[in-house]
Amino acid sequence: MIWVDTIVQGVLLGGLYALFAAGLSLVFGIMRLVNLAHGDLIVLAAFVILTMAGALGLHPFVAVLIAAPVMFAVGWLLQTYVLNRVLGDDILPPLLVTFGLSVVIQNGLLEGFSADSQKLSAGPIEAASIKLGPIAVGVMPLLTLVSAIVVIFALNQLFYRTKLGRAFRATSDDAVTAGLMGIRPRNVFAIATGIAMVVATIAALYLGIRANFDPTIGPARLIYAFQAVIIGGLGSLWGTLAGGIVIGVAQGLGAAINPEWQILAGHIAFVLVLLIRPRGLFPRAND
Amino acid sequence: MKNTLTKSVAVLLFVGLALVPVLGTRAMVQDLFMVLTLLILALNWNMLAGFAGLVSVGQQAFVGIGAYAMFAAVILWGLDPLVGIAIGGVAAIVLAVPIAFFTFRLNGAYFAIGTWVAAEIVRLSLAQWKALGGGTGTSLPKGTTKDMFGVDLIKDALDMSSSAASDALTYWLALLLAAVTLVSGYVFLRSRMGLGLQAIRDNAEAARSVGVDPIRLKAAVYLLTAFGTGLCGALLFIQITRVTPDAAFDVVDWTAFVIFITVIGGIGTLPGPVVGVIVFYALQRTLADYGTIYLIVLGLIGIAIMLFARKGLWGIFTAKTGIELLLLRHRAPKRS
Amino acid sequence: MSAPVLTISNLTAHYGDFQALFGVDLTLEQGQALAVIGANGAGKSTLMRAITGILPSPRDAITLNGRAIGHLSAPEVLEAGISMVPEGRKLFPSLSVEENLLIGAHARTGNGYWTLERLYDLFPILRERRHNPGTALSGGQQQMVAIGRALMSNPTVLLCDEISLGLAPVVIRDIYATFPKIRESGASVIVVEQDIGQALRIADHVCCMMEGRITLSGAPTDLSRDAIHNAYFGVSA
């Protein structure tokens, strides 16, 4: 029974990792850009929620409604004024710019908020749990997984059912020809990064409620997110969810054996999947 | 003509730097040691990212393994630290084989994070090595550095304390390693293989069609730079004398700084890391007291360089003056 | 003849140090079908890239219904009323046939002649295959999608770059057979071709390009085979 419990908790944790990863997956799918600052942007979003909640006396679930548009704007501005200028065949400039950004955000947050651990306080819901058969499941972890599924479902609908999603896919296929259709690739990219930051804000909400956070934890979140994306297969959002769950379960199992092995077990699962299926579990056909 | 001049200046500079332990203060030696080791790391990373197009953010794996191998050699096997340095380099190249096997499957941008994950795996694994202190790390036994081969000789010859002599020894090794890295990088880039590498960077398809195998060439560069980085890691931790997984595999100290040095100086140019390390040192001296501000400034400069002057300060300099030191391409024969 | 829809005057274009167009002049009348012919490398595609804004041009070198559009970007040129069927078709592989058509209407604001229904009437085979990926179609069908996609923006001017390239003669004939209907919708047409035969059959006017210049211009009926031959190959017969 303990194993079933461990796996269930791992699956729930995977929901959080999928939320970390969904924005990264979206941005990579559309503009082949790997944002090394993604983890730090999630942490930035957590601090935005914290500040909103503190200043306006709001519950985090309400504060996130204000933080999300703020982060959309951050993503939009970042893409328009910085990242669009470095996109191209050479992968070096975008990598180095986002790496620089990661360092700037991390240290900017350290300067503004100090290295102290913070937490978003959501009240009694944090400790609440429900019985699923013989297993007690925390309401917050369950809510995280459900949110991940909803977010990924919504992103898929956006991608395959809307005019904007059509423009995303067309631009991803061929930006020059998309221009001939009246699509402005740079605008499309800016909107995509804005949406990725909204997803990052949702991820930040659960990150901040479920555990302590401080300005330095961004890079580790980036690594989990990246592993989820690669395990799932580039360009597949449902694959990203599966990837997050694989990492979550592996970490859970590792921790059950020895608490020191939690993170290592996730990394090893990642390496194993990559050795067996180099293109991930659900690779996109035309990539 | 110009090349001869460059070479003479370089030799003079080398001799001047070599005399610092004799003529300068011990603080100068220790400062310059850190500068030289950063230069070695930057030269290696520049070769990797700037010339081979392999943007690794996981070079701390090789610094760390070099340091740990050296500690193991000294503490577990009772070897001289200098032998430990060589073992550190070898350990790094051995580690680089499986890491390359795994990360080379990831393409382009994802390679970067893949190398980072690899470094994390090595860090977390070494934290399980209880004989070397596990997660909390360990120190070199007292007196180890003073008993290093050659320390006595230097102490007597220059009439200094044994700790100053050990500083001088590690300093000279760093200077030597930096010089060897720089010169061999230059020679390599002008060789057939090096020109092939630059051809790949400019146009992979065309390079392949004239018989350059990009994967093998890149793998060779990856292994060699791992070796250089491992040697440097071992050397660094002789001076630091205490190793912990977090310090040995620190992404900021051993990779972020190194990336900024290279980017600011001029990525993909041979003198870039040299220029970068000088600027970095100057910035560090003026801003060190401000801690996080210093890193923010570095990050912003790095971003600005990538946006406005991709070949860094050295690129700006050559564009403005037309002077090119250490020319990498063979000059085309002049048409009459 | 009515007023010109599109006027190109003294247009030059460069790729780095290489000059690809040398003072090209051209006018397209309302409702006209103009064929631009020339050998490979004559500058036809460069001309198309300049008109559509992929390649930047001087502001006044290109005017559409009296409005200077030379300086506009590709999306702005499309919004101004010029759309293109690009060489090589360039369908979006991630999009279905119908989505490829719909994306042609991305920038469209009002109603216009062309709708999905009208396109499916023009190319009935596309109705059957509308849910297939665009790239799963035969070359001729893909070309129909590319033409339909360009029409969905209801262009004033439709540019067709090498639409017969790589297609069987019978397929080319079928595609050109739809041009009268396309012109009925009010679009003026420029077709760029290396394959002179088909182009001349539908064109009211023909321009011949060689080495970045227009070397011959006139109604197909007025020009002798020899004159076209000379302008095309640059040799006296």
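## Before we start

This is a predicted model: local features need pLDDT of at least 70, side-chain atom pairs count only at pLDDT 80 or more, and totals for chains, interfaces and linings use all residues. Residues are numbered from 1 along each chain as its sequence is written, chains are lettered from A and ligands numbered from 1 in the order in which they are written, and side-chain values use heavy atoms, with hydrogens and water left out.

## Who touches whom

Let's begin with contacts, meaning heavy atoms within 4.5 Å. Two pairs of chains touch, and chains A and B have the most contacts of the two. Chains B and C have no contact, and their closest C-alpha atoms are 18 Å apart.

## Chain A meets chain B

Here 39 residues of chain A meet 38 residues of chain B. Together the two chains bury about 3,600 Å², and 83% of that is on carbon and sulfur atoms. (Buried area is the accessible area, found with a 1.4 Å probe, that two parts lose on being put together, summed over both.) On chain A's side, Leu96(A), Phe99(A) and Phe226(A) provide 16% of the area buried against chain B, more than any other three residues.

What about charged partners? There is one salt bridge between chain A and chain B, where a salt bridge is a side-chain nitrogen of Lys or Arg within 4 Å of a carboxyl oxygen of Asp or Glu. Glu260(A) and Lys130(B) make a salt bridge, with their closest N and O atoms 3.9 Å apart. Five residue pairs, both at pLDDT 80 or more, are in polar contact between chains A and B. (A polar contact is a pair of N or O atoms within 3.5 Å; within protein, one must be able to donate a hydrogen and the other to accept it, and residues adjacent in sequence count only if both atoms are side-chain atoms.)

Which elements of chain A give two or more residues to the side that touches chain B? They are α3 (60-86), α4 (92-113), α9 (218-232) and α11 (262-276) of chain A. Helices (H or I, at least four residues) and strands (E, at least two) are DSSP runs, numbered from the N terminus. The largest share, 14 residues, comes from α4(A). Sorted by class, this side of chain A has 31 nonpolar, five polar and three charged residues. In that sorting, Ala, Val, Leu, Ile, Met, Phe, Trp, Tyr, Cys and Pro count as nonpolar, Asp, Glu, Lys and Arg as charged, and the others, Gly among them, as polar.

## Chain A meets chain C

On this side, 18 residues of chain A are in contact with 21 residues of chain C. The buried area is about 1,800 Å², with 63% from carbon and sulfur atoms. Within chain A, the residues that lose the most area to chain C are Arg166(A), Leu180(A) and Met181(A), together 37% of what that side buries.

Two salt bridges cross the interface of chains A and C. Arg169(A) forms a salt bridge with Glu99(C), and their closest N and O atoms are 2.6 Å apart. In chain A, α6 (163-173) and α7 (175-180) each supply at least two residues of the side that touches chain C, and α6(A) gives the most, with six residues. By class, this side of chain A has eight nonpolar, four polar and six charged residues.

## Strands in chain C

Strands of a sheet pair through backbone hydrogen bonds, either parallel or antiparallel. Two strands count as paired if DSSP finds at least two bridges between them. One open sheet in chain C has four strands in the order β2-β1-β4-β5, with antiparallel pairing. β2 (18-29) and β5 (67-68) of chain C stand at its edges with a single partner strand each, so one side of each has no neighbour in the sheet. Between β4(C) and β5(C) there are two bridges, and Leu64(C) has Arg67(C) as its bridge partner.

An open sheet of six strands, also in chain C, runs β6-β7-β8-β3-β9-β10 with mixed pairing. Its edge strands are β6 (82-85) and β10 (213-218) of chain C. Strands β3 (33-38) and β8 (188-193) of chain C pair in the parallel sense over five bridges, with Ala33(C) opposite Val189(C).

## A hairpin in chain A

β1(A) and β2(A) form a hairpin with two residues between them, and Gly133(A) in the turn has a positive phi of about 60 degrees. The two strands are antiparallel and share four bridges; Ile130(A) has Val137(A) as its bridge partner.
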